[in-house]
Each structure stands twice: as C-alpha cells, then as structure tokens.
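Please have the sequence and the structure open while reading.

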Amino acid sequence: MRQVFIAGNWKMNLNHLEAIALVQKIAFSLPEKYFAKVEVAVLPPFTDIRSIQTMVDGDKLKVRYGAQDVSRYDSGAYTGEVSAPMLAKLGCSYVTVGHSERREYHAETDELVNAKVKAALKHDIAPILCVGEKLDVREAGNHVEYTTDQLIAGLKGCKTDQVSKVVVAYEPVWAIGTGRVATPQDAQEVCGAIRAKLAEKYGQEIAEQVRILYGGSVKSGNIGDLVKQDDIDGALVGGASLDAEEFTKLSAMAAGGPLP
Ligand SMILES: O=C(CO)COP(=O)(O)O
C-alpha cells in the first residue's frame with residue numbers, strides 16, 4: 001500500500017530563519033494522527049537544510065526534508081555543486097531531479113537527469129524524478145509518449161530494486177505556477193500511463209510500489225480530487241508550500257479530511 005506523499009518544493013525562496021519558522025508551523029499545526037496517513041516533506045534551498053536538520057532531529061518532528069538538486073559526481077573540482085554524500089550526511093530523504101525549471105534554465109538533458117538519479121540512489125536518497133510536457137506537446141496530443149519517454153530516459157541503467165525507491169512527479173509545464181491545474185482525469189491519464197510503463201519495464205510488483213505525484217498549481221481546494229485518482233499518490237507543491245496554513249490544510253486534505 002502506497003502512502004500518500006506531499007512534498008513542498010520551495011524553489012528559491014526563504015532563508016534559513018524563515019525556513020525554521022515555516023517547518024515549525026507545519027509540524028505543530030498538523031495533528032499527529034494525520035502523519036500516519038500522509039508523509040509530508042519540504043524541499044528547501046541548500047542553505048536551509050542544516051537548520052532544518054537540527055530542528056527536525058532535536059524536536060523529533062515528523063516532517064521529512066530533502067533538496068532540490070544534486071550533482072552527478074560524489075566529490076571533486078565541480079565549483080558550485082552539492083553532492084549526494086553531502087545531502088545524505090544532512091539527513092535528506094529526497095531530492096528532486098529533472099525539474100522542468102532546471103531542464104529549461106540550466107539546460108539539463110535526460111542524460112544528466114539520469115546520472116543525478118543514479119547519484120542519489122547510490123547514497124540512499126530517493127530521487128523525485130520530474131517529468132512533464134510543455135503546452136505545444138499537449139496540444140499536439142503527444143503528452144503521454146513524451147512523459148513516458150522522459151521517465152524511461154531518467155531511469156536508464158537503474159536496477160529493478162532501485163526503481164521501487166524512486167518517486168515520479170508528473171508536472172505538466174503549462175500547469176506550473178500558472179493557476180491552471182490539470183483536471184484530475186488529465187493528470188490520471190498520464191500518471192496511469194507512467195505506472196503502466198513501469199510495469200512493462202520493471203514488472204507489476206515494482207510498478208505498484210512506486211509513488212507517482214502530480215504537480216502544477218496544487219492547492220488545498222484541488223488536492224482531494226487529485227489523490228482520489230487510482231495512480232496519483234500525492235503532490236509536488238510549489239507556491240502553496242510556502243504558506244504554512246495552506247500547506248497544512250492541503251496535507252490534511254490529502255490524508256482524507258479537513259483539519260478539525
Ligand atoms: O513546480 C512545481 C512544484 O515542483 C509546481 O509549482 P506550483 O505549485 O507553484 O504550480
């Protein structure tokens with residue numbers, strides 16, 4: 001049984017002091033019983049991770065955390081890069097790989113995304129592999145093939161047992177930060193195709209274990225209908241993850257009901 005998963009991608013927002021305040025608010029406003037039904041993680045900028053680690057460990061908070069990017073290399077002369085061993089040492093559970101903003105603004109190719117997926121897995125950090133089409137691809141009706149091709153390219157060379165640890169995030173680029181959320185049926189179409197492709201390549205048992213998230217303008221008002229879909233196991237949330245009250249509400253709705 002896959003646990004519902006809500007991950008907040010903070011993107012390039014919040015310094016380490018603001019990060020502490022936000023995580024504290026999330027941890028204390030979501031009643032304990034919800035954490036049994038929904039896994040909640042935050043993905044802050046690198047500069048916030050150490051502060052979050054200290055607080056989560058010290059106060060034994062249920063919120064998990066990770067990073068937004070990782071180097072393909074473990075160490076060496078790669079100025080500006082942060083490695084998977086460094087993230088592992090900071091207790092990161094997750095790292096997003098291949099987010100459309102990195103593919104677009106940092107020219108990340110499928111080959112690089114694949115190398116980063118493998119670097120994370122090697123150090124027991126679960127990659128959140130982001131896939132998703134731009135508007136022109138959807139309008140041409142090629143969105144399913146496009147995203148499943150990105151999926152297979154991102155997982156190339158991974159062992160079958162590693163694949164079960166990967167989280168896939170389907171984020172149609174036209175729905176990110178636009179307020180234009182995909183309908184639950186549109187999102188299910190692609191998430192279902194992603195699971196079917198995983199089953200074809202790695203077997204049904206592995207495919208059933210992989211969590212598939214939807215991302216793109218997710219809010220407390222639309223998450224309920226999204227997670228009701230068979231193949232949507234949660235969400236990768238951008239803007240709404242920066243507001244403690246909204247993110248807590250959204251996490252509670254993903255767990256099956258509103259906050260008391
Ligand atoms: O890119 C996203 C999460 O990774 C989605 O961002 P928004 O929720 O702001 O649309």
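This is a predicted model: local features need pLDDT of at least 70, side-chain atom pairs count only at pLDDT 80 or more; totals for chains, interfaces and linings use all residues.

## Around the ligand

The ligand is surrounded by 14 residues. The closest are N9, I176, G215, G238 and G239.

Sorted by class, this shell holds eight polar residues, five nonpolar residues and one charged residue.

## Annotated binding site

An unreviewed UniProt entry carries the annotation "binding site" for N9, W10, K11, G177, S217, G238 and G239. These positions span 231 residues in sequence, but no two of their C-alpha atoms are more than 13.9 Å apart, so they gather at one spot.

## G177

G177 is found in the loop between β6 (167-170) and α10 (184-202). Is G177 buried or exposed? G177 counts as exposed, because it has 12 C-beta neighbours inside 10 Å, and a residue with 12 or fewer is classed that way.

Apart from its neighbours within four places in sequence, G177 is in contact with G238 and G239.

## G238

G238 is found in the loop between β8 (234-237) and α13 (244-254). This residue has 22 C-beta neighbours inside 10 Å and therefore counts as buried; the cut-off for buried is 20 or more.

Which residues does G238 contact, leaving aside its neighbours within four places in sequence? They are N9, K11, I176 and G177.

Key: Residues are numbered from 1 along each chain as its sequence is written. A residue is near a molecule or strand if its C-beta atom, placed from the backbone, lies within 6 Å of it. Ala, Val, Leu, Ile, Met, Phe, Trp, Tyr, Cys and Pro count as nonpolar, Asp, Glu, Lys and Arg as charged, and the others, Gly among them, as polar. UniProt positions are given in the numbering used here, feature names are shortened, and annotations may be inferred rather than shown by experiment. Helices (H or I, at least four residues) and strands (E, at least two) are DSSP runs, numbered from the N terminus. Two residues are in contact if their C-beta atoms, placed from the backbone, lie within 7 Å.
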